[in-house]
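Visitor: I'd like a close look at the aromatic rings in this one. Could you walk me through them?

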Amino acid sequence: MNDRPLASVGRILQDLGTTVMDVAASPGDLGTEVSGVHIYDPLDELLVPPGAIVLAVGVHTAAEIGRLLRSAREAAAIVVKVPVEIDEHVRATVLETGVAVLGLTRAASWAQVAALLRSLLAEGGIEEPGEGPQGDLFALANAVCALLDAPVTIEDRSTRVLAFSGRQEEADAGRVETVLGRRVPERFQRMLDDLGFFKRLYQSRDPVYLELGDGNINRVAVAVRSGDEILGSIWVAVREPLSEQRQRALADAAKIVALQLLRERAGADTQRRLRADLLSTVLAGGSDAAEAAGRLGVATTRLCVLAAQLTGQPDDDPARGESDRQRFCDAFALHVGAIHPKAAAALVGSVAYAVLPLTAGGDEEERAVRVAQSFLARIGPRHPANVGVGRLAAHLGEVARSRADADRALRVLRSRSASGQAAGYPDVHFESLLMQVADVVTAEEQAPTGPYHKLLAYDAEHGSDLVATLGAYLDAFGDVNLACARVHVHANTFRYRLKRLLEISGLDLSDPDARLTVMLQMRIFGP
C-alpha cells in the first residue's frame with residue numbers, strides 16, 4: 001500500500017513545464033490533491049471522482065468550459081487545448097467551484113497526456129520536495145537535474161522515457177516531443193544511429209557529449225548498466241560540456257538509477273504475475289473467484305470480458321515479442337481503466353484479458369464492443385490486433401462463460417485472417433458453433449460419411465472436381481448460371497457434373513435434411 005501524499009495540481013504543472021501545460025484560469029490555490037485522470041465524453045453521464053483532472057476532449061468555447069466547470073465541481077482541474085477561451089463568466093465560475101482551467105499545447109494528443117499524467121500519478125510517481133523515498137525514478141530525475149542544473153530524462157534501452165525532471169521547458173522542441181510521446185521520436189533515433197552515438201554510449205562507462213546543432217540544445221548521456229547488461233540511459237540537455245565534477249556526479253547517478261530500475265523490474269514482474277494470476281482466477285470462476293475479484297478491486301456484477309490479441313507476424317526475438325505483448329496489454333489496461341476505474345486487465349499467455357464493469361442500460365454488450373473498437377482505433381495499424389467480447393455476466397459465476405465467449409470470438413476472427421476488428425459473441429455465434437463441432441470431430445477422429453464421403457473418394461481417385469461443383473451449386477442456392485460462373489465452366493458442363501455427382505453419391509438435393517447434412521460436413525471437414 002502507498003500512503004504517501006497525492007500529487008497536487010501545482011506540482012504536476014511544475015514537473016510538466018509550461019511548454020506542455022499552463023494555467024488558463026486559477027482559483028488561486030493550486031495545492032488541490034489529484035486523485036486520478038478522467039476523460040470527458042459529452043455523450044456519457046459525467047461522473048467525476050473527487051480530485052480528478054478532467055481531460056475536456058472536444059471542449060472549446062467559454063460557454064462549454066463554464067458548463068463543464070459547473071458539472072465537475074469535485075474535480076481538481078479541467079484541461080482544454082489552447083487557445084483556451086476565457087471570459088469573465090468562466091473566471092467567476094472558477095472562483096466559485098475552485099476548479100482550475102489548464103491549457104494544453106495543441107501538439108499533444110489526448111492519449112499521450114492521459115498516459116503521461118497517469119504515469120506521473122502511479123505509485124506516488126510525483127513527490128512533494130523532501131517527501132517520499134529517494135528510490136523513486138522521478139525524484140531521482142529531479143535530483144540529477146538539481147545537481148547538473150539542467151533538465152533530465154531517464155530512458156530504457158528502447159528509448160522509452162521512464163521518468164523526467166522538471167524544467168523541461170528549458171530544453172528544445174525535440175525534448176518536449178520526447179516527453180509528450182514518452183519516447184525518442186524515430187527521426188532522432190535514426191540520426192543518433194547514423195552518428196554512431198548509441199554505440200559510443202553503450203561502450204563507455206563515462207558520460208558522452210553530443211553536439212546536435214540546427215538550433216537544438218546539445219546532450220550529454222550516460223549508460224545505465226548492471227554489470228554488462230544495459231538497462232537504459234540518462235540524458236541531460238546542456239549548452240556546453242559538463243565540468244569534471246558534474247560528469248562524476250552523473251556517472252554516480254547512473255549507478256543509483258540502475259539499482260532502482262532493477263528493483264522496479266523485479267517489482268513490476270511480481271505485480272504483473274500476481275495480477276495475471278488473480279485475473280485468471282476470476283476468469284476461471286469457482287470458489288476463489290470472489291476473493292480474487294476483491295483483491296483486484298473489480299465490481300462483482302454486470303461484467304463483460306474482453307480478449308485482445310496482436311495479429312502481426314511473431315517476432316524472431318522472443319524477449320522482444322513478450323515486451324511488445326506486455327506494452328500492448330498496458331495500453332489495453334489504460335484504455336479500459338479510462339472507461340471504468342474498477343476495470344482490470346492482465347496478460348495471460350499471448351492474450352490480454354480485461355474485465356470491464358458496465359452500468360445497467362440494456363445495451364451493455366454493444367457498449368463493450370464499442371469500447372473494443374475504440375481501443376483498436378486508438379492503437380492504429382502500428383499494433384494490429386483483434387478483440388473478442390463476451391456476453392454480459394450478471395454475477396461472478398458467469399464470468400467464466402463470458403471469457404469463453406470472448407475466446408471463441410477471437411478464434412473466429414483469427415480464422416478469418418482478420419486484423420483490427422472487434423466482435424461480440426452474437427456476431428460470430430454460428431461460426432463458433434461449427435468450430436466447436438469440428439473440435440469434437442477431431443478429438444474423436446471422426447471421418448466424413450454418406451454421399452459426401454463418396455464424392456471425396458471419387459475426386460481423390462479420378463482427380464475430378466465434383467465436391468467443388470456441389471459446393472458452388474449449394475452456395476448459389478441452386479442457380480446454375482451463377483454457380484458455373486463461380487467455378488469458371490460452361491453451364492452445360494456444370495449440369496453434366498452435377499448430374500454425375502448425384503449418380504455417384506446418391507445425394508437427394510430435393511431433401512432439405514440431406515442438403516443440410518452435406519453442407520455441414522463440407523464446412524466441418526473441408527474439401
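Which ring does the charged end of arginine 403 sit over?

Guide: That would be tyrosine 353: the charged end of arginine 403 sits over its ring, 4.5 Å from the centre. Keep in mind that this is a predicted model. There's another arginine to look at, too: arginine 157 lies over the face of tyrosine 202, 4.4 Å from the ring centre.

The structure has six aromatic pairs. Take phenylalanine 138 and phenylalanine 164: their planes stand at 80 degrees, with 5.4 Å between the ring centres, and because an angle over 60 counts as edge-to-face, that's what this pair is. It ties together distant parts of the chain, with phenylalanine 138 in helix 5 (residues 137–148) and phenylalanine 164 in strand 7 (residues 161–164), 26 residues apart. Phenylalanine 138 is buried at a relative accessible area of 8%, and phenylalanine 164 is buried as well, at 0%.

Phenylalanine 197 comes out at 0% relative accessibility, so it counts as buried, and tryptophan 235 is buried with a relative accessible area of 5%.

How values were computed
Residues numbered from 1 in each chain as written. Predicted model: local features only at pLDDT ≥ 70, side-chain atom pairs only at ≥ 80, totals over all residues. Heavy atoms only, no water. Phe/Tyr/Trp six-rings, centres within 6.5 Å; stacked < 30°, edge-to-face > 60°. Helix = DSSP H or I, 4+ residues; strand = E, 2+ residues; numbered from the N terminus. Buried < 20%, exposed > 50% of the residue type's maximum accessible area, 1.4 Å probe, protein only. Lys NZ or Arg CZ within 6 Å of the ring centre and 35° of its normal.
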